[in-house]
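User: Could you take me through this model, starting with the overall fold and then the charges?

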Amino acid sequence: KEKNRDFKDVLTEQFMETMVTFFNCSKKELMFKLALFFQDRDLEEIDSIIQDRQLKLKDEMKTNK
């Protein structure tokens, strides 16, 4: 199973562990907190930010190869 993990799996797991530790809660409670946080946000703006960060990350990964 470890061999099938890609960069997205690793980054997601690290994020989840960081957030669960920071908030001192379970993953289910974390998902609830994230739902509360995002429910009134402008999702178009968030999508734009995410796309920008993905492009920057891809550029960084290309540079580091």
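This is a predicted model: local features need pLDDT of at least 70, side-chain atom pairs count only at pLDDT 80 or more; totals for chains, interfaces and linings use all residues.

User: How many helices and strands does the protein have?

Analyst: There are three helices and zero strands, helices being DSSP runs of H or I with at least four residues and strands runs of E with at least two, numbered from the N terminus. The radius of gyration, taken over C-alpha atoms, is 15 Å, well over the 11 Å from the globule rule for 65 residues, so the protein is more spread out than a compact globule. That rule is 2.2 Å times the number of residues to the power 0.38.

User: What share of the residues is buried?

Analyst: Buried residues account for 11% of the 65. Buried means under 20% relative accessible area, exposed over 50%, and partly exposed in between, with a 1.4 Å probe and protein chains only.

User: Turning to charge, which residues form the positive patch?

Analyst: Lys8, Lys58, Lys62 and Lys65 gather there on the surface. Patches consist of residues with over 30% relative accessible area and no salt bridge, like charges being joined within 9 Å and nonpolar side chains (Val, Leu, Ile, Met, Phe, Trp, Tyr) within 5 Å. Lys58 belongs to helix H3 (residues 43-64) and is exposed, at 53% relative accessible area.

User: And which residues make up the negative one?

Analyst: Asp42, Glu44, Glu45 and Asp47 form the negative surface patch. Asp42 sits in the loop between helix H2 (27-38) and H3 and is partly exposed, with 44% relative accessibility.

User: How many salt bridges does a search of the whole structure find?

Analyst: The search finds two, a salt bridge being a side-chain nitrogen of Lys or Arg within 4 Å of a carboxyl oxygen of Asp or Glu. Glu13 pairs with Arg5, the closest N and O atoms lying 2.9 Å apart. Glu13 is partly exposed at 42% relative accessibility, and Arg5 is partly exposed at 31%.

User: Where do Glu29 and Lys33 lie?

Analyst: Both are in helix H2, four residues apart, about one turn of the helix.

Key: Residues are numbered from 1 along each chain as its sequence is written. Side-chain values use heavy atoms; hydrogens and water are left out. Accessible areas come from the Shrake-Rupley method with a 1.4 Å probe; for residues, only the protein chains shown count as cover. Lys and Arg count as positive and Asp and Glu as negative; His and the chain ends are not counted. The place of a charge is taken as NZ of Lys, CZ of Arg, CG of Asp or CD of Glu.
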